[in-house]
Amino acid sequence: MKKILLPLIVLSFPSLLQAATAATQLEGGFKVGPAIILITILILFVMVGIVFRAKDTTDFYAAGRGISKVGSGMAIASNWMSAASFLGMAALMYGSGYHGLAYVVGWTGGYVLLLILMAGQIRKYGKYTAADFIGDRYYSKTLRAVSAIIAILISISYCVGQFGGIGLMFKWVMGIEYSWAVVIGGTVVLTYTLISGMLGVTKNMQIQYIIIIISFLIPLFILTAKFDYFWLLPQIGYGSVVSDTISGLPINETKELINSLGHDYAIVPAPEFAMPWDPPTGKTFFQWIAIAFSLMIGTAGLPHVIQRFYVVPKARDARWSVVWGLFFICILYWSAPAYAAFGKILSAHPEVGTLAKDAIVVYTAQLGNIHPLIVGLLAAGGVSAAFSTVSGLLVAGSSAFAHDLYVKVINPDASPKKQLLYARLGTVLMAIIVTLIALKNFALIGQLVAVAFSLAGCTIFPLVLLGIWWSGSNKSGAIAGLITGGTISVIAITYFIAGKSGVTLPAHEFISYWLEAWYFAWIGAPLAIIVHIIVSKLTKETPLEIRKFLIEQVHS
Amino acid sequence: MDPQQNDYHFSFFKPTTDSARRNRNMVLQFVLIWAVAIFGFQILLRILEKPTPEPAYIQFETSWKNIEAGEPVTADFQNAGQAALSVLGKVAIDPEHRKVLDNAVSWMAFQLAEGAQKEILKAAVSDFEKIAESTQIITDADYVAAKNKLIPVLVDLFNLQPLDVRGKIAPLEVKASLMESFNAGGRELFVEAMGLYLIHNRSVLTDFKFLGFPFHYFYTAVFLLILFVGLCWLYCIRTDMFNKKYGIED
C-alpha cells in the first residue's frame, strides 16, 4: 500500500504548493490542495478497507472479536466522533453559546452510564446486535423485528447529519452545489463500506481517529499561538479567548492581529457567548437540561455504540474500551469549543457576513489565516469524522436488516453468502434513503444527530436497561414500554417535520417546545420505563431459563 | 443468598449475592456523583443568576429617557448611539432587530450632525452605500477609501475612542434612508432589543475567573469531561478489584 500512496503524495506535492493561494477565499472555487489531501485520505481508507475486508459474516458484523481494548477504544472514538462532533458542536456553540455545551456534556456524560450500567453486561450476554439482544431477552420475534426496524431508523436519522457534513465539506473543497456534494460524498462512503465491512471499518477507524484528531488539533495550536494565547495546551489556552469575548477586545494598537480579510482581531463585549441560557440565544434552562439528559441516555441506547462491545474478546475489555474511547473522544470535545470562541471574534466584523454555522470550524481556520493546506487537512478531517461514523452506522443498519430481520425472522435457513448479500443490499438502500433526506437540509448537523439520540433513548435504552438489571422485565412490559416511547417519538418527529414543511399542527408551539425533536427523550424515556415496569408487574413473569441465564451468565 | 432459593429472581435494587450488592452500591455512588456534578451545578447556576446589564445598557437607559422626554443633550445621543453600536457589533442579531437598530443609529447620527453638516453627512453615507452596493470584494480600493473616509466622521459624531471597535462598525450600519425619522413602533422595538442583547444572566460563578475561563464555563466545558473519564477509569479499576476478590471470570 505504501508503494502506491507515497508516489501519489510526492506527485501531488507541487500541486499542493501551487494551491496555497487558491484556498484563501472563504467560499466558492475548486480548492486543489485540500481536494488532493481529501482524495489521498479517501484512497487510504478504501485501501485499508480492501486489505482488511470482511471474509465472512462474523467478520462483517463483529470484526472477528479480535480487536484490543485500546484499539477498540480508538474505534469507539472514531465511530463516535462524527461530523456532529467535528463540525456540529462548534457550530452549536458559535450560534447558541453556552447552550451548545449541553451537547458536549450530553455526548460525553452518557458514556459513564453506558459503562456502569451496560458495557460489560452486554458483552457477557454475547449477542451480535441490539435487536439480537432484545429479541432473545424478551423471547419475542416481534420485538426483535421491531427493534431491528428501530435500529435502522436510528441509523438513518444519525446518517442524515453525517451526509450533511460530508456534503458541506465536499462543497467547500470542490466548489460545487450542496446537492451534488451530498450525492458524490454519499456514493464514496457507500462504496467504501460495501468493500470493507466491519473488520475493515474497525481497522480504518483506528487510522481515522489519528487523522481526525491531528487535523483538528494542528490548526488550534496555530490559532492559539498566532493570537497570543497559551498555545502549549490550547484546550486551556482558549479560556482567555472566552473571557476576551465576554469583556470585549479593543483594536490592537500595533495592528498585528488581523483576520484573513484584514479585519482587526477585536470584538465588542459579547457576554451572550458564554453566559448560561442567555436571552438573545432564545434558549432556556429547561432546554439545556433536556438536551444533556436526552443525549446521555441516547448514548446508552444507540445500537451502533452498543454493537461495538461485541468486537472485544471479554467483558473486561468492553469496560476498558469505554474508558479509552471516552478519553480519545474528550481530546476532541475539549478542543471543539475553542473553534467556536475563535470563530466568534474572527467573524465579529459585519463585513464577514453570515457564515454557515456547520462549517465554522473550517471558516475559523481560514479567517485565522492558517495555511490553506492545513485548512484542507482540517476539512479532510471533517470528512473522515463523518466517514468513520457513517460506515459504522451503515454496518449497524445493514446488520439489523440482514441478521435481525431477514435471517432471524424471515429466512432462518439463509446461507452465509445470501446473508452477506442482504447486508450489502440493506446498506445500499439505507444510503439512498439517507441521501434523499440529507438533500432537504432540515437543521444543523448536531441537531439532526440529536434526533437519533432521543429516538434511541425512548426505545432501545429502556429495553436494554431493564432487560439487564431486572429479571421481572418481561415481553408484555417491553412491548408496552416500546409503544409508549415510540408514540412520544412519533409525535415529536411528526411535529418537527410538519414545522419544517410549513404545516402548523394543533398545539404546535407547546409540543415543539416541550417535545422538540432533539430532546424529546427527557420525558419519553422515563415514561417508557415506568409503563414497562407497571405492565411487567401485572403480567406473566419472565421464563425461568432467561432469569437463570441472566444470573448465571450476565451477572455472575 | 443462593439465586436458586429465590427462583432466579433478581433486580438491581434487590441483589441476591454479596458481589452484586457491592456492585449496586458502587453503581449508585457513581450515578449520584455523575448526576450532582452535571445537573446540580446547572441548577446552582440557575439559582444564583441575576439579570445583569452591560455598562452600555446602563448608559443607554439614562440617555434614552432624556431623548424620549424631549430634553436630550449631545451626550445623550452619543451614549445611546454608542450603546446601539455595541449591539450591532454582536455576531448573531435577529434581522428585524438589526433593521431597527440601524434606524436608531442612523437617526442619532443625523441628530448629532449640526446645521449644514446634516446634508453633508447624508451625502457621504449615501455615496458609501452606492460604492458598497457595486463592490464585489471588501478589499476593493474604492470601497476601502470610501469607508475610511466615513469612519472618522462617525467616530467624531459618536465621540468614540480611536481604538474602539464600534468605530469600524458604524459606516456599515448608518443608512442615509433611515436618518430622518424614527417612528414610535421602531422606538419600542429598539428599547426591547437593547434589553434583550445587553442584559445577561450572571452570578459569582460566571464572574469568577479560573485558568482564564469564566468559572462556570471551565466547569462545564473542561472539568466535567475530566470527571467523566475519571469516573469511568475508577469504575474499571474497582470492578477489576471486585472481580478478583470474588473470583469472577469475564
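The model is predicted, so local features need pLDDT of at least 70 and side-chain atom pairs count only at pLDDT 80 or more, while totals for chains, interfaces and linings use all residues. Residues are numbered from 1 along each chain as its sequence is written, chains are lettered from A in the order in which they are written, and side-chain values use heavy atoms, without hydrogens and water.

**Where the chains meet**

| Feature of chain B with chain A | Value |
|---|---|
| Residues of chain B in contact (heavy atoms within 4.5 Å) | 71 residues, with 84 residues of chain A |
| Buried area (accessible area, 1.4 Å probe, lost on being put together, summed over both) | about 6,700 Å² |
| Salt bridges (Lys or Arg side-chain nitrogen within 4 Å of an Asp or Glu carboxyl oxygen) | five salt bridges |

Carbon and sulfur atoms give 71% of that buried area. A salt bridge joins the side chains of A:Glu351 and B:Lys147, at 2.8 Å from N to O. Several elements of chain B give two or more residues to the side that touches chain A, including helix H1 (18-48) and helix H6 (141-158). H10(B) supplies the largest share, 20 residues.

**A helix of chain B**

Let's turn to helix H2. Helices here are DSSP runs (H or I) of at least four residues, and strands (E) of at least two, numbered from the N terminus. Helix H2 of chain B covers residues 55-68. Just after H2(B), B:Gly70 has a positive phi of about 80 degrees.

Definitions and conventions: Buried area = accessible area lost by both parts, 1.4 Å probe. Expected span 1.5 Å × (residues − 1).
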